[in-house]
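Thanks for coming. I will go through one structure today, a few elements at a time.

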Amino acid sequence: MAMAQARKIQAPQVLPETKPFWDAAAQGRLIIKHCTACHQPHHYPRSICPFCGSDATEWRPASGRGTIYTYSIMRRVPEPYAIAYVTLEEGPTIMTNIVDCDLDAIRIGQAVRVVFKPSEGGPPVPMFAPA
Amino acid sequence: MTIKGKAYIAGAFEHPTRKADDKSVAQLHAEVAKGALEDAGLTKNDVDGYFCAGDAPGLGPLSMADYMGLKLRHVDTTDTGGSSYVIHVAHAAEAIALGKCSVALITLAGRPRSEGQATGTAPRVLPAAVPDAAFEVPYAPATANMYAMAAMRHMHQFGTTSAQLAWVKVAASQHAQYNPHAMLREVVTVEEVVNSPMITDPLHRLDCCVISDGGGALVVVSPEVMRHLRRPRVKLLGAGEAPKLQLGGKVDLTYTGAVWSGPAAFAEAGLKPADIKYASIYDSFTITVVMTLEDLGFCEKGQGGKFVAEGNLISGVGRLPFNTDGGGLCNNHPANRGGMTKVIEAVRQLRGEAHPKVQVKNCDVALAHGTGGSLGTRHMSSTLILGRE
């Protein structure tokens, strides 16, 4: 059994375009961009929709629930960790870490929920733990 | 309009070093340039087009063109990671076809090994302005774990196994044993591969390519110049290039950009996968090869594991001899960019200059494919089809 250990998380650089995402993260909320022209959500968040090119994009809350699409446990480092892609209930598949769990028990298809972990000198970062 | 038949690869040279602690990067670029030009029977004063990528030190082509004393009327520094040099050949042909240059020099060189780069496991560092940086960097994506995620999904969706992936390395090692310059010359078994230390699930150490110093160069010329040269005639037949991206979050890691670059190259060449006698397939990791073979149409989607486990990549044994120099998995992956050596070995095979033990008989059509960037996020696929005239 290899428990996920707290890893030092590099602070994400907050850009003007993405500030609302990180403000919400600081409050423990996951939000994603949604295009009001073509009605599709996307991630990572952009001001211009990557599907239809419209600038009519807006922030919407995400439930924080998703399932693991794929993952890998990086073993050859002092603190093994799980990188993963999680498909959110809302649709987009996002890169993340799976935390607060036994790394060897992680499975594709597993239900997970968002948790926010502190970064080094920056806003909290969304990660996912077994639901 | 097409590049088919509009250019020839007249010179190809792979630096013999795999650890260059006694050389500078610029020096390596210049040495491989010299080697390729001599191979072609040309000099640096014949060069009028220069192609390089991010491994060339300085602003774009300027420092290396300056170091080498080139007089140029065409430059192209398309940088798509390891696939850059496969693209450079196609772009050189395009320039030559339009009369923008007639002797194109392409160089690659670097020293990740001497400089102690933890290429596979060190988390990526990105400038803040990169729009995806904040949404990826905190999760510590490295090179190996990005490819590993593609492998995990492929295994989940198609039942691909580690033993099947291991066959890619086994095949490369069967070839590398005959290459005196290869970094790893020992023939390995499937068992040895799957028992090698796990780097990042499911990729073991032997699923990963070598970290080597060195480089290579190519000289691409017009038909008029080729007429006066004595080297075997290696003609460009077709090329394709396409990025595969994250699709706004509609992530599917089970296929690569080869699904677009391959068909484009085959269409231009007027050929099919069954026509290919030898293939250089970008082998940063074993999974890269398995997925690329499917996407290029050498086998059905999801059947790549089965295809390689039948020994199909082994020269003299299988249907598609691959990476007969030992590839990135066993021979060389200089500067962490393997596209140059892919083209070089394809040229050797077409010239009949591969080692006799791995030389494909009557090798008159070959394919070289590059995958640059990350299978786990965004990458560039580039496919080149070459023929012996």
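Before going on, the ground rules. This is a predicted model, in which local features need pLDDT of at least 70 and side-chain atom pairs count only at pLDDT 80 or more, while totals for chains, interfaces and linings use all residues. Residues are numbered from 1 along each chain as its sequence is written, and chains are lettered from A and ligands numbered from 1 in the order in which they are written. Helices (H or I, at least four residues) and strands (E, at least two) are DSSP runs, numbered from the N terminus.

Back to H6(B): 13 of its 15 residues are buried, so this helix is largely enclosed by the rest of the structure. Buried means 20 or more other C-beta atoms within 10 Å of the residue's own, with C-beta atoms placed from the backbone.

Next, a helix pair. H3(B), residues 84-97, packs against H13(B), residues 339-351, at an angle of about 60°, and the axes are 6 Å apart. The axes are lines fitted to C-alpha atoms over the stretch in contact, and angles run from 0 to 180 degrees between N-to-C directions. That angle makes H3(B) oblique to H13(B); oblique is what remains after under 35 degrees (roughly parallel), over 145 (roughly antiparallel) and 65 to 115 (roughly perpendicular). On the H3(B) side the contact is made by B:Ser84, B:Tyr85, B:Val86 and B:Val89, and on the H13(B) side by B:Gly339, B:Met340, B:Lys342 and B:Val343. Contact means C-beta atoms, placed from the backbone, within 7 Å.

Now strand S9(B), residues 278-281. B:Tyr278 and B:Ser280 point one way, B:Ala279 and B:Ile281 the other, and all are buried. S9(B) runs parallel to S10(B), residues 365-373, joined by four bridges; strands pair if DSSP finds at least two. B:Tyr278 has B:Ala366 of S10(B) as its bridge partner.

Chain A has an open, antiparallel sheet of three strands, in the order S2-S1-S3. Its edge strands are S2(A), 41-42, and S3(A), 57-61, each pairing on one side only.

Last, the two chains together. In chain B, 28 residues are in contact with 34 residues of chain A. H5(B) gives six residues, the largest share of the chain B side.

Methods. Contact = placed C-beta atoms within 7 Å. Buried ≥ 20, exposed ≤ 12 C-beta atoms within 10 Å, placed from the backbone.
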